[in-house]
Amino acid sequence: MEKKGTKVLIIGLSWPQPEATGAGIRMVQLISLLRSQGFHITFCSAAAIPETEGYPDLPGVQFTPVKLNHDSFDRFLKSLNPGMVIFDRFLTEEYFGWRVARTLPRALRILDTEDLHSLRHARELAHREGRSFDPTVWRNLDITKRELASIFRSDLSLIISRFEMDFLESQIPSLTNRLFYLPFLFAESDFIPKAKMKKFSERKDFIFVGNGRHSPNTDAVHYLKREIWPEIRKELPHAGVYVFGAHLSKEITALTDSKQQFYVKGWVPDVSEVLNAARVSLLPLRFGAGLKGKLFEAIRCGTPSAMTSMGAEGTALAGMSSFLGDDPESFASIAVSLYTDEGLWKDLQKKGVSVLRKDFSKEGFQKSFSSKVDFLFHNLEKHREDNLIGSILLHHTMASTRYLSKWIGLKEAVAKKKKD
């Protein structure tokens with residue numbers, strides 16, 4: 001199969017929201033990468049279409065709503081006849097993967113993991129139980145088995161974090177040739193122009209950016225308010241901190257405290273504006289997975305970040321221990337130093353930009369991704385023959401999920417008939 005001009009179907013767990021989530025940024029970058037290589041893209045989802053925004057503004061992409069557990073999706077697949085199908089997170093592969101495999105057996109099936117959900121879940125459990133993360137516990141979780149099964153069933157899985165690539169290869173060595181490292185991607189045009197980037201003296205206050213529907217973010221805001229911010233306030237009583245993000249709960253917005261100069265502001269249409277005005281970004285994440293979109297957004301705006309090890313994971317910044325704080329006192333100390341020491345601030349600003357240009361260059365990954373997809377298009381049959389575990393899992397999934405789906409569809413049809 002020739003790649004150029006091939007139709008690609010992306011099945012989204014939700015509609016892309018690059019202004020609201022790191023997952024949205026990732027999806028838009030992936031779409032841009034595919035378009036640059038000559039693919040024709042259709043994006044579908046069973047999620048509700050945002051009433052106020054409608055479909056995302058992504059030129060050249062056809063958007064189509066679909067239904068879960070409905071034979072109309074099979075007809076949609078046959079009509080579109082894509083040569084490649086990309087599943088947005090393993091849940092989407094669980095919902096639709098068997099239908100794609102049955103209806104389009106020759107289509108290349110790619111899973112974009114976004115991050116390892118099972119790793120994030122296992123770390124959150126460990127955090128809430130007050131213990132260290134244990135890979136053995138991770139291996140035995142139901143969500144881990146589901147996510148790994150989805151990876152085995154797919155022809156290729158995109159992994160966003162170098163840490164997660166190494167982790168999977170060490171824990172499940174047989175997965176190695178089924179994984180492809182594709183992190184956040186940046187071109188030179190993604191950086192705020194130097195002329196528009198505010199200087200140290202022109203900036204003030206701290207900032208936290210994070211989607212309120214993401215549990216690592218909600219935990220981080222509470223941790224910041226309760227344990228870190230009081231330590232920063234001791235040294236910088238005149239500084240404030242501003243929390244921005246979509247879908248912040250009432251519990252989070254209620255944390256606003258003007259006396260403590262702690263302000264929860266909510267969603268902003270262009271987060272780069274508030275990042276460019278802030279002096280220091282705060283990433284007090286205690287659990288999670290993948291790459292942290294808020295870190296990359298801050299770097300491209302020239303805003304240094306005080307981080308936990310979790311916040312820097314998957315980047316070269318994770319090796320710069322002098323900028324990492326995993327307890328409230330050390331985190332606050334780093335934040336205060338960055339806020340008051342212009343030399344240190346400029347040093348981390350330069351390091352961040354260097355990391356993005358060196359390790360996350362769009363141009364470099366365009367070539368390697370194109371080569372991998374070309375190889376799979378021309379060697380798909382042999383690639384699948386070498387994946388016995390995946391074929392067994394797909395067989396059982398098609399057998400079990402197919403009849404469950406038919407039962408759900410029949411149940412809905414009967415309910416509709418009774419209603420009519």
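R162 lies over the face of Y181, at 4.4 Å from the ring centre. A charge is taken to sit over a ring if NZ of Lys or CZ of Arg is within 6 Å of the ring centre and within 35 degrees of the ring normal. The model is a predicted one, in which local features need pLDDT of at least 70 and side-chain atom pairs count only at pLDDT 80 or more, while totals for chains, interfaces and linings use all residues. Residues are numbered from 1 along each chain as its sequence is written, and side-chain values use heavy atoms, with hydrogens and water left out.

Turning to the overall fold, the protein chain has 16 helices and twelve strands; helices (H or I, at least four residues) and strands (E, at least two) are DSSP runs, numbered from the N terminus. The C-alpha trace spans about 65 × 50 × 45 Å along its principal axes. Of the 420 residues, 53% count as buried, where buried means under 20% relative accessible area, exposed over 50%, and partly exposed in between (1.4 Å probe, protein chains only). Of the contacts with a separation of 6 or more, 73% come from residues 24 or more positions apart; contact means heavy atoms within 4.5 Å.

Aromatic rings come next. A pair of aromatic rings is described by the distance of the centres and the angle of the planes. The structure holds 18 aromatic pairs. Rings of Phe, Tyr and Trp (its six-membered ring) pair if their centres lie within 6.5 Å, with planes under 30 degrees apart counting as stacked, over 60 as edge-to-face and the rest as tilted. Y95 and F96 make an edge-to-face pair, at 6.5 Å centre to centre and 90 degrees between the planes. Y95 is partly exposed, because its relative accessibility is 38%, whereas F96 is buried at 3%. For F163 and F167, the planes are at 10 degrees and the centres 6.3 Å apart, so this pair is stacked. F163 and F167 are four residues apart in helix α7 (residues 162–171), and therefore about one helical turn separates them. In this pair, F163 is partly exposed at 33% relative accessible area, and F167 is buried at 8% relative accessibility. Y95 and F96 also belong to one aromatic cluster together with F73 and F76.

T92, in helix α3 (residues 90–103), is buried at 1% relative accessibility. Its side chain reaches the backbone oxygen of D88 at 2.8 Å. Not counting residues up to four places away in sequence, T92 touches I11, G12, L13, F87 and G97.

T303 is located in the loop between α11 (293–300) and β12 (305–307), and T303 is likewise buried, with 1% relative accessibility. The side chains of T303 and R203 are joined by a polar contact of 2.8 Å. A polar contact is a pair of N or O atoms within 3.5 Å; within protein, one must be able to donate a hydrogen and the other to accept it, and residues adjacent in sequence count only if both atoms are side-chain atoms. A polar atom of the T303 side chain also lies 2.7 Å from the backbone oxygen of L275. Leaving out residues up to four places away in sequence, the residues that T303 touches include A278, R279, V280, S281 and A298. N276 is 27 residues from T303 in sequence, yet their C-alpha atoms are 6.6 Å apart in space.

Finally, some backbone and cysteine details deserve a look. Most residues other than glycine have a negative phi, and most peptide bonds are trans. H247 has a positive phi, near 60 degrees; H247 is in the loop between β9 (241–244) and α9 (250–253) and is partly exposed at 31% relative accessibility. Q261, also not a glycine, has a positive phi of about 55 degrees and is found in the loop between α9 and β10 (262–266). The structure holds zero disulfides, a disulfide being a pair of cysteine sulfur atoms within 2.5 Å. Among the cysteines, C44 is buried at 0% relative accessibility, and C301 is buried at 0% as well.
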